[in-house]
Amino acid sequence: MDIRNPSAPDGNPEMADAAVPPPAPAVIRRVDYQPFGWLVPRLELDFQLGLTDTRVAATLHVERNPAATPTGQIRLNGEGLAPLEVTVDGQPTSLWRMAGDDLVLDLPGTAHTIGLVTRIDPAANTQLSGLYASGGMLCTQCEAEGFRRITFFPDRPDVLSIYSVRMSGDADAFPVLLSNGNLTARGDNGDGTHWAEWHDPWPKPSYLFALVAGRLVANRDTFTTRSGRKVDLAIYVREAGAGEEDDLPRTAHAMASLKRSMTWDEEQFGREYDLDTFNIVAVSDFNAGAMENKGLNVFNTKYVLADEETATDGDFDAVEGVIAHEYFHNWSGNRVTCRDWFQLSLKEGFTVLRDQLFSQDMGSAPVKRIEDVRVLRGAQFPEDSGPLAHPIRPDEYREISNFYTATVYNKGAEVIRMMRVMAGEERFRAGCDLYFDRHDGEAATCEDFVKAIEDGAGLDLNQFRLWYAQAGTPRVTVRLDHAGDVATLHLAQVVPPTPGQPDKRPMPIPLKVALFDRASGIHAGEQLVVLDRAQQSFSFPGFATRPVLSINRGFTAPVSIEHAAPVEDLVFLAARDDDPFARYEAMQELVVGHLKDVVDGKLSASERDAGRAAIAGALAAVIADPALDDLMRGELLILPSQTYIAEQMLIADPGTIHHERQALRGALARALEGEFVALHQRASAVPGGLNAAARGARKVKTQALVYLAEGNPDLAEQMAAAQYDAADTMTDRQGALMVLAGLKGPQRTHKLLDFYQRYRSNPLVVDKWFGLQAGSLHPHAIEHVKALATHPDFNLKNPNRVRSLYMVFAANPAAFHAEDGEGYRMLADLIIALDPVNPQTAARFVPPLGRWRRIEPRRAALMRAELERIAATPGLSRDTAEQVGRSLG
Ligand code: 0A1
Ligand code: ZN
């Protein structure tokens, strides 16, 4: 009997309700984990591809899981699917029913073969989860729960299968047919269609499945692993249509980055690649950055394509970092995967740490560290102090897509980095080796990782495990006493309450410290102190005079330090600390301390001027210091972000902070106008290229313009226009345009128009054009954003374009926090419009509104009202509903 039963969602009366395995509850909790009742050692998939109609036949070879409670039924997850055929052991069966979106099937024996047929419409899939169409090609995104939109399956990461995939389709529309693993056969059907078969020998969870079909062209290369395996590498991009740009030459940097990543992972972690093929495909419609599917990574074009004409130095670094990140997942994520989604940081925190260490080795290690800390403070600290705070290993969720967060990724990396600091590099490596050996081929937990580091590195991590369980950024209060010849460091920690976690316990906090002799400017050696109680004191003898304290050097712990350091100590460290991070930190502290006092109205006019003079003196020293390279100089010139300053205040007034920060910048620029002009001239004479000197020169050049724009806008306009005209890189051109976009002079319009005309056929550069206007300091930025939302190039279905306008806008304090609440209204309107199209991406715009509790009351009320308006929208997705619900708290 051919079973076509899609219209019977509540299924077959022969099946007793009580026996049906329960559906996933609305709130999923970590403590409720149960192994799945069935193993699926093998899975065969057969796709008949079409852009609007794809037929999927799945054959699941299942057997009872000896580690689970025996069950006579299997629950297969589905989302928006109807089964066209259901067979068991080759025979059609009626012993199945729909339970919500899932399919539940009777399985009387211990081992069976299940056959399922589904049909999907990839072109209608605007959510970009599952199998979807992008620019005429077909591709998949299955993490976290997209596979269930392709076929019915136990769509959970602890069910590992060996996949064999067959696909056939129109040879003209889909000349390239790709899936995971190795290509095993291909052929022509003789009717205009062709087929290919792929086999992946490594068992994997469904979230790592991938399929791509389309008119693609490849940049090919090879890599030989240290044990002699020759791997064919290919980076695919869409073939250029008429009037479109050829992206293929723009993949050279990604390919070089891939080969460097493969070598580095062998050398630094002893990890080798394990298939004969490694393919990357770039797609322009993608919800995230990239995806580590086994042997077939799918990337957002933003993280593949780069050349000097269209990509900035920052873009080059991002491509290298993301290529490395996805490649490193082959071990930290794929060979050892996650038992359940609560363990996401097991693969993400570890892989972020690995990509950060790689990038440190490829370029300037201190500059990379500073950049990573800036990201942590800009994105994760606010998350940790707001309504969405959660531990790096969350305890519950409604929609897992909402937990791909800066906490899970970036704080997760910091937590593992602390283990590395405490163990030392060699012992940490021994712990990682043990982890990979012990858990290869398994779906593991964060606890498995900690235990392996504990055993392999010989560390006691008992109390350290709290870092996995407790949310919130610890605050460490610091006081340095000096008596006789002894300096005593008094430390106290508080881990603040977060939603669902009112009381916290002290955690081990490893802090590298150094005490400088004021006169000689040197210290007697760096020491690691581990603060593991609420309060602790550490004594350092041998100081005849009061030393200068440098603490959390290298940012060894992801905490905020509260230390009322005298201004002269900060000036000393900003000029003389031998730890580059600490030098940067002193500079930031100097500015943050001053701005906090100004915003709080604590300073008289003359005190304010004295503060500005101290900062100007420190900046002048940075500009003049011959020992600094320009990349590092550029870091030291960057003022602390508005978000970071606001983070230091219990309740922030974004308008005042923005105004005072800009006023400070203007005063510094006026005091140092000659220095900034000379810096710009000196840097403009440095020859181009991708080396550190040329990149550093570009960085300080634009920094100089950013200052001058506030101090002398006419001069800045003229210099920026000249930089734009002379630019032979996107870095210089975008830097100049960013400054012009914030100014009112005629060059703004000229150059924005020129930029658009020049690059209108390149979507990634058009994204920059949207972003530059959305993030500008121009007083009418909010009007510009409104106009751009109706621009013919704006497209709600393309996440890159939506982010380039609205994410940048939400991070533009002067515009987003407009006093009348217009910015909040615009973001809420976007969320409401985007939610039915692409809920995953829509939900990502909620957090900026969720900050209301830390904003002054008038704006807070306006933000809350917008959240309530979103909450009241009928048919809201689970993604957005969860984020709005938590934000309203
Ligand atoms: N595992 C990927 C991130 C990722 C997560 C979800 C996605 O679905 C939209 C896509 C990618 C990574 O860490 O790179
Ligand atoms: Zn990742």
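A residue counts as near a molecule or strand if its C-beta atom, placed from the backbone, lies within 6 Å of it. Before I use that, two housekeeping points. This is a predicted model, in which local features need pLDDT of at least 70 and side-chain atom pairs count only at pLDDT 80 or more, while totals for chains, interfaces and linings use all residues. Residues are numbered from 1 along each chain as its sequence is written, and chains are lettered from A and ligands numbered from 1 in the order in which they are written.

So, the ligand. Which residues come nearest to ligand 1? Of the 13 residues around ligand 1, the nearest are Q141, E143, N287, A288 and M291. Two elements, β20 (290-291) and α2, each give two or more residues to that shell. Element names here are DSSP runs numbered from the N terminus: helices are H or I with at least four residues, strands are E with at least two. By type, the shell around ligand 1 has 4 nonpolar, 5 polar and 4 charged residues.

The peptide bond from E143 to A144 is cis, with omega near -5°. A144 sits in the loop between β11 (137-141) and β12 (161-170). Most peptide bonds are trans, and most residues other than glycine have a negative phi.

L128 is not a glycine, yet its phi is positive, about 60°. L128 is in the loop between β9 and β10 (130-134). Is L128 buried or exposed? It counts as buried, because it has 24 C-beta neighbours inside 10 Å; the cut-offs are 20 or more other C-beta atoms within 10 Å of a residue's own for buried, 12 or fewer for exposed, and partly exposed in between, with C-beta atoms placed from the backbone. N552 likewise is not a glycine and has a positive phi, of about 55°. N552 belongs to the loop between β30 (548-551) and β31 (560-563), and is buried, with 24 other C-beta atoms within 10 Å.

Back to α2, which covers residues 313-328. Its 16 residues should span 22 Å at 1.5 Å a residue, and the end C-alpha atoms are 23 Å apart, so the two agree. The expected span is 1.5 Å times one less than the number of residues. Since 14 of the 16 residues of α2 are buried, the helix is largely enclosed by the rest of the structure.

Next, the strands around β19. Strand β19, residues 277-283, has 6 of its 7 residues buried. Strand β18 (residues 230-238) runs parallel to β19, and 5 bridges join them; strands count as paired when DSSP finds at least two bridges between them. In that pairing, Y236 stands opposite V281 in β19. Strand β21 (residues 296-300) also pairs with β19 in the parallel sense, over 5 bridges, and there V283 is opposite N300 in β21.

What hand does the unit made by β18, helix α1 (residues 252-269) and β19 have? This β-α-β unit is left-handed. A crossover is right-handed if, with the strands pointing away from the viewer, the path from the first strand over the helix to the second runs clockwise.

In the loop between β18 and α1 we find E244. E244 is partly exposed, because it has 13 C-beta neighbours inside 10 Å. Its C-alpha is 7.9 Å from that of N762, although E244 and N762 are 518 residues apart in sequence.

E371 lies in helix α4 (residues 365-384) and is partly exposed, with 18 other C-beta atoms within 10 Å.

Last, one antiparallel set. Strands β2 (residues 38-48) and β3 (residues 54-64) are joined by 9 bridges and run antiparallel, and a hairpin of 5 residues connects β2 to β3. R42 is opposite H61 in β3. Strand β3 also runs antiparallel to β9 (residues 111-120), with 10 bridges, and R55 is opposite R119 in β9.

Terms used: Ala, Val, Leu, Ile, Met, Phe, Trp, Tyr, Cys and Pro count as nonpolar, Asp, Glu, Lys and Arg as charged, and the others, Gly among them, as polar.
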